[in-house]
Amino acid sequence: MTETAGSPKKGRKPADPGAHHEAPTQPPREAAVEALMRLAAEQPWNDIEVGDIAREAGLSLAELRDLFPSKGAILAGLARIIDRKVLEEDGADLAEEPTRERLFDVLMRRLDAMTPYKPALRRISFALRGDVLSMLALNGVALNSHRYMLAAAGIDTEGPLGRLKLQGVVIAFARVVETWLQDDDPSLARTMARLDKEIRSGERFMERAEDARRLVAPFRALGRSLLDRRSRSRTPDVEDGEPAPSL
């Protein structure tokens with residue numbers, strides 16, 4: 001995959017609302033995301049203003065505002081681009097492989113799709129470290145992305161255990177990305193070892209969670225039965241022919 005080319009660092013001049021902008025050569029949403037990534041690869045995250053992004057993308061401020069409400073939303077837009085690149089790849093050859101192998105392949109494809117943005121992501125990761133609100137917002141974005149990653153690997157995410165599985169993968173992948181950002185070896189040996197370790201740890205955790213769910217299942221059923229009985233005992237009888245009270 002060809003790495004996104006950088007552009008010369010621009011001064012932070014006020015945007016000219018009346019300036020003419022050349023039409024971007026790619027869809028405007030993607031142009032805005034790519035512009036942010038180019039800028040983030042070259043200058044501190046907190047120095048980048050929405051006007052800088054608009055100029056870099058060849059958009060007016062009005063056009064950028066129609067696309068994204070904030071710089072953070074543009075960053076979240078990168079996740080959708082990465083999602084699409086991963087999901088468009090054909091993983092049919094792994095259909096018969098164990099779940100671990102399918103998930104490993106999907107997440108490595110995700111890292112491959114992220115590679116052109118690695119310098120920018122390295123800077124952004126450092127800048128957002130300790131920013132609790134930004135990290136919470138990005139966790140929500142990651143949950144949406146990894147729901148599709150798990151689906152691509154043939155892994156269910158519905159129900160309480162599915163949600164636990166989904167959040168666990170988000171946390172595990174964040175740890176893998178920390179290693180990946182510092183791994184400049186083309187073979188990505190450290191990254192792959194970390195990913196394998198995280199997947200195996202996740203498998204063991206989910207096995208214990210499944211065991212716990214089976215252990216408490218009879219008690220949950222008993223509790224529901226008692227609640228149903230209590231609810232019925234408190235419901236007044238309705239005489240034949242009388243309408244039941246509406247809520």
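User: Where is the place of phenylalanine 205?

Analyst: Phenylalanine 205 sits in helix α9 of this predicted model.

User: Why is phenylalanine 205 called partly exposed?

Analyst: Its relative accessible area is 40%. A residue is buried under 20% and exposed over 50%, so phenylalanine 205, at 40%, falls in between and is partly exposed. Its C-alpha atom is 9.2 Å from that of glycine 168, a residue 37 places away along the chain.

User: What makes threonine 191 buried?

Analyst: Threonine 191 is also found in helix α9, which covers residues 189-234. The relative accessible area of threonine 191 is 0%. The limit is 20%, so threonine 191 is buried.

User: Which residues does threonine 191 touch, not counting those up to four places away in sequence?

Analyst: They are Leu111, Val176, Thr179, Trp180 and Asp183. As for leucine 181, its C-alpha lies 8.9 Å from that of threonine 191, and the two are ten residues apart in sequence.

User: What is noted about the phi of leucine 188?

Analyst: Leucine 188 has a positive phi, about 55°, and it is not a glycine. Most residues other than glycine have a negative phi. Leucine 188 belongs to the loop between α8 and α9.

User: How do you know whether leucine 188 is buried or exposed?

Analyst: The relative accessible area of leucine 188 is 12%.

User: Where is histidine 146, and why is it called buried?

Analyst: Histidine 146 is part of helix α7. Its relative accessible area comes to 3%, and the cut-off is 20%, so histidine 146 is buried. Leaving aside neighbours within four places in sequence, histidine 146 contacts Leu107, Arg110, Leu166, Val169, Val170 and Phe173.

User: Which residues of helix α6 are buried?

Analyst: In α6, residues 118-128, the buried ones are Lys118, Ala120, Leu121, Ile124 and Leu128.

User: What puts these residues on the same side of α6?

Analyst: Around the helix axis they cover an arc of only 150°, and therefore they lie on the same side of α6. An α-helix has 3.6 residues a turn, so residues three or four places apart point the same way.

User: Which helices do the buried residues of α6 pack against?

Analyst: Their partners are α1 (28-40), α4 (71-88), α5 (99-114), α7 (132-152) and α8 (159-181). After α6 comes glycine 130, which has a positive phi, near 90°.

User: Why is α1 described as roughly perpendicular to α4?

Analyst: The two axes cross at roughly 110° and come within 9 Å. Angles of 65 to 115 degrees count as roughly perpendicular, so α1 is given that label relative to α4.

User: Which residues of α1 and α4 meet?

Analyst: From α1 they are Arg29, Glu30, Ala32, Val33, Leu36 and Met37. On the α4 side they are Lys71, Ile74, Leu75, Gly77, Leu78, Arg80, Ile81 and Arg84. By class, this contact has eight nonpolar, one polar and five charged residues. Gly counts as polar.

User: What makes glutamate 30 partly exposed?

Analyst: Glutamate 30, in helix α1, has 25% relative accessibility. Buried would need a value under 20% and exposed one over 50%, so glutamate 30 counts as partly exposed. Not counting residues up to four places away in sequence, glutamate 30 touches Ile81 and Arg84.

User: How many helices and strands does the protein have?

Analyst: There are nine helices and zero strands.

User: What percentage of the protein's residues count as buried?

Analyst: Of 247 residues, 34% count as buried. The protein exposes about 15,600 Å², and carbon and sulfur atoms supply 55% of that area. Among contacts between residues at least 6 apart in sequence, 71% join residues at least 24 apart.

Methods. Residues are numbered from 1 along each chain as its sequence is written. This is a predicted model: local features need pLDDT of at least 70, side-chain atom pairs count only at pLDDT 80 or more; totals for chains, interfaces and linings use all residues. Side-chain values use heavy atoms; hydrogens and water are left out. Buried means under 20% relative accessible area, exposed over 50%, partly exposed in between (1.4 Å probe, protein chains only). Helices (H or I, at least four residues) and strands (E, at least two) are DSSP runs, numbered from the N terminus. The arc is that of the directions from the helix axis to the C-beta atoms. Contact means heavy atoms within 4.5 Å. Accessible areas come from the Shrake-Rupley method with a 1.4 Å probe; for residues, only the protein chains shown count as cover. Axes are lines fitted to C-alpha atoms, for helices over the stretch in contact, and angles run from 0 to 180 degrees between N-to-C directions. Angles under 35 degrees count as roughly parallel, over 145 as roughly antiparallel, 65 to 115 as roughly perpendicular and the rest as oblique.
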